[in-house]
Amino acid sequence: MADKKDIENNSEQTLMTLEQLSQTLEVMTHVVDRLKNHLTRQMSLNAELFNDEEKLRAAEAEQRAEAAKKLKEESFVVEITQKELESGSKGKKVLH
């Protein structure tokens, strides 16, 4: 009779252990799902930031290109001869 009682106790203990494992797996699944959601949100935010930075860089590059073009169109050269420097350049300037 002791053997039958031991078998029943072992069976009950095994069922309890399996139930605890099942609950542990449920909790771990929930934790993993939350971590996945968190990582997905982080990746999304990083992608948005990266896209915003790319747009900003492109806009800045366009502004620099426009400024360089404008500067090139508006630039001029002032020619001063050595003689003018020595004499104090009395009002005579050549613009090209």
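Arg57 and Glu54 are 3 residues apart in helix α1, so about one helical turn separates them. In this predicted model, the two side chains form a salt bridge. Their closest N and O atoms are 2.7 Å apart. Glu54 is partly exposed, with a relative accessibility of 35%. Arg57 is also partly exposed, at a relative accessible area of 43%.

A salt bridge also links Arg57 to Glu53. Here the N to O distance is 3.5 Å. This pair, too, lies within helix α1, which spans residues 2–74. Arg57 and Glu53 are 4 residues apart, again about one turn of the helix. Glu53 has a relative accessibility of 40% and counts as partly exposed. That class applies because 40% falls between the 20% limit for buried and the 50% limit for exposed.

Both contacts fall inside the cut-off. A salt bridge requires a side-chain nitrogen of Lys or Arg within 4 Å of a carboxyl oxygen of Asp or Glu. The distance is 2.7 Å for Arg57 and Glu54, and 3.5 Å for Arg57 and Glu53. Across the whole structure, the search finds 2 salt bridges. Arg57 takes part in the bridge with Glu54 and in the bridge with Glu53. Through shared partners, the salt bridges join Glu53, Glu54 and Arg57 into one network.

How values were computed: Residues numbered from 1 in each chain as written. Predicted model: local features only at pLDDT ≥ 70, side-chain atom pairs only at ≥ 80, totals over all residues. Heavy atoms only, no water. Helix = DSSP H or I, 4+ residues; strand = E, 2+ residues; numbered from the N terminus. Buried < 20%, exposed > 50% of the residue type's maximum accessible area, 1.4 Å probe, protein only.
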